[in-house]
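Let us take a friendly walk through this structure, one part at a time. Have the sequence and the 3D view ready as you read.

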Amino acid sequence: MSYTLEGRTGTWEIVVGLEVHAQVISHSKLFSGASASYGGEPNTHVSLVDAGFPGMLPVLNHECVAQAIRTGLGLRARINLESRFDRKNYFYADLPTGYQISQFTHPIVGEGTVEIELSDGTVRHIGITRLHMEQDAGKSMHDQDPTRSFIDLNRAGVALMEIVSEPDIRSPEEAGAYLRKLRQILRYLGTCDGNMEEGSMRADVNVSVRKAGEPFRTRCEIKNVNSIRYVMHAIEVEATRQIEVWEDGGEVDQETRLFDPSRNETRSLRSKEDAHDYRYFPDPDLLPLVVEQTWVDELERALPELPDDKRDRFIKQYGIPRYDASVLVAEQAIADYYEEVAKGRDSRLAANWVTGDLFGALNRTGRSIQDSPISAQALGGMLDLMADKTINGKIAKEVFEDMLETGDSAADIVERKGLKQVTDTGAIDAAVADVLARNADKVEEYRGGKDRLFGFFVGQVMKAMAGKANPAIVNEALKKVL
Amino acid sequence: MSLDPATVRRIARLARIGIDESDLPALQGELNGILGWVEQLNEVDVEGVTPMVGTGHAALRTRDDVVTDGNCRDAVLSNAPDAVGPFYTVPKVVE
């Protein structure tokens, strides 16, 4: 089921590649000892290296290299044991040196692949072209003064990983799925927090359109889109614009554009012909970066279990459907929670409670799994009461709501409210007799062949016993008498 | 390889160097001289030779990921011609 857009001259498909800038989790910057943390006072997380003072020399942060390699391994990509740093030259007020140190000809990570899953269950593989390390720029503020822009260099020099995909993406949905998957992998690895609102993950979106079977046409690059939803919108809006240009007999120019969500349009950002002439050359301050295979192996051994592997293990180990497994591995904390609940218990029942009632409750209360009002142990405790038949499924729902509200353990709630399931056959038999006596007409109908009424009798008995009767015993007692 | 006047003008613009039209011929001659000098290297046959990046086989040095610098805003802003409070300022750049 492929995604296409209808134009006046026929059907168009879209071709998308993404360049994701992911801020590396580290204490200090890529080439200086200034803090890389977010939210400091303006221009305090800045060293003279970051501010581009004469004579200052960059010294590479070892941990940032490790983070890039971990990410490469997580993308099942080739690690280049030798890579280099180049200068990308351009002038902008928040780039004090006049060049960004980046990796152009020899990136640290080569080809890899990311598996995505679409809502209809289709699985696709999106190729990764490369991942390289580079410096972030500072921040310009244009709204502080009528004639001046204010510059804060706190972010200047913070390590970024630029992750470039192949033009393998064919729909806005695939772009969204790719970004979510990438963010999930980065978070599992602990190499980037993936927080798009704070700008620690940003995407440049390359879009072109073509008729089926054609080679690629000219693409446009939409810069710095800062949410997954916007990326999906921008692709659709830009593709629609390009189709109009082609169908009006025009040519799409290769250019950089900006997505304006408030107007739902893209517009040309830098029409300057020189915009892409960065005059890259090897940075003479930095020798080639050589890493040992033994170190790469060491980093690989220490990697956490990745989402795809975890999902496959959950399916096998816990016997749960693929969809549930995918939902449960969305975040590491959810997966850990689930495993704690499922340990030594009915794993499918555990999955149902976590993905159903628990997620519902978290949604309602606006909480995340980390500050869930019901801990994994507490939920497990409730499942134990179900397993040993202290409570039935219906009462469990009531206990769950109470746990949510009071934070008490399931056992305490059952005790306090007297919810213990009645397994006393005498009491159940009495309730059954009573219900049948009061519904003599229905008993006649049932015996006359109206089997469906059995459920009615069960309901009535349960009601008479305030929901606490063991359903299996009730069924049995009813069958016996009827 | 030789540079024409248009290329010289373009290089100057990329480097944000303002040059006079009358300086172009002289600059063109100088740049072509430099290029010609460097091009002598093409006479050396380096087929199959691994690029040498230094004489000492030195490896790139790295540092530990600890915060050792920063928090020196006064020094950072000391040369700024028009600082306002904690910020550098520049003539407004809006695209």
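A:Asn226 sits in the loop that links strand E13 (220-225) to helix H3 (228-247) of chain A. Helices (H or I, at least four residues) and strands (E, at least two) are DSSP runs, numbered from the N terminus. The model is predicted, and local features need pLDDT of at least 70, side-chain atom pairs count only at pLDDT 80 or more, while totals for chains, interfaces and linings use all residues. Residues are numbered from 1 along each chain as its sequence is written, and chains are lettered from A and ligands numbered from 1 in the order in which they are written.

Leaving aside residues up to four places away in sequence, A:Asn226 touches A:Met196, A:Gly199 and A:Arg202. Contact here means that the C-beta atoms of two residues, placed from the backbone, lie within 7 Å. A:Glu197 is 29 residues from A:Asn226 along the chain, yet their C-alpha atoms are separated by 6.7 Å.

Now step back to chain A as a whole. Chain A is divided into domain 1 (5-298), domain 2 (312-417) and domain 3 (425-481), with bounds from an automatic or database domain assignment. Between domain 2 and domain 3 of chain A, four residues of the one are in contact with four of the other. On the domain 2 side of chain A, these are one nonpolar, one polar and two charged residues. For these classes, Ala, Val, Leu, Ile, Met, Phe, Trp, Tyr, Cys and Pro count as nonpolar, Asp, Glu, Lys and Arg as charged, and the others, Gly among them, as polar. The centres of these two domains of chain A, taken over C-alpha atoms, are separated by 31 Å.

Next, look at a sheet within chain A. Strands E6-E5-E16 of chain A, in that order, form an open sheet of three strands with antiparallel pairing; two strands pair if DSSP finds at least two bridges between them. Strand E6 (99-102) and strand E16 (281-282) of chain A are at the edges, each with a single partner strand, so one side of each has no neighbour in the sheet. Strand E5 (residues 86-89) of chain A is joined to E6(A) by four bridges, and A:Asn89 has A:Tyr99 in E6(A) as its bridge partner.

Where does chain B come in? Chain B puts 33 residues in contact with 43 residues of chain A. On the chain B side, the elements that give two or more residues are strand E1 (62-63), helix H3 (73-77) and strand E2 (88-91) of chain B. That side of chain B has 18 nonpolar, six polar and nine charged residues.

A second open sheet includes strands from both chains, in the order E9(A)-E10(A)-E2(B), with antiparallel pairing. Its edge strands are strand E9 (139-141) of chain A and E2 of chain B. Four bridges join strand E10 (residues 148-152) of chain A to E2(B). Along this pairing, A:Ser149 stands opposite B:Val90, and A:Phe150 stands opposite B:Thr89.
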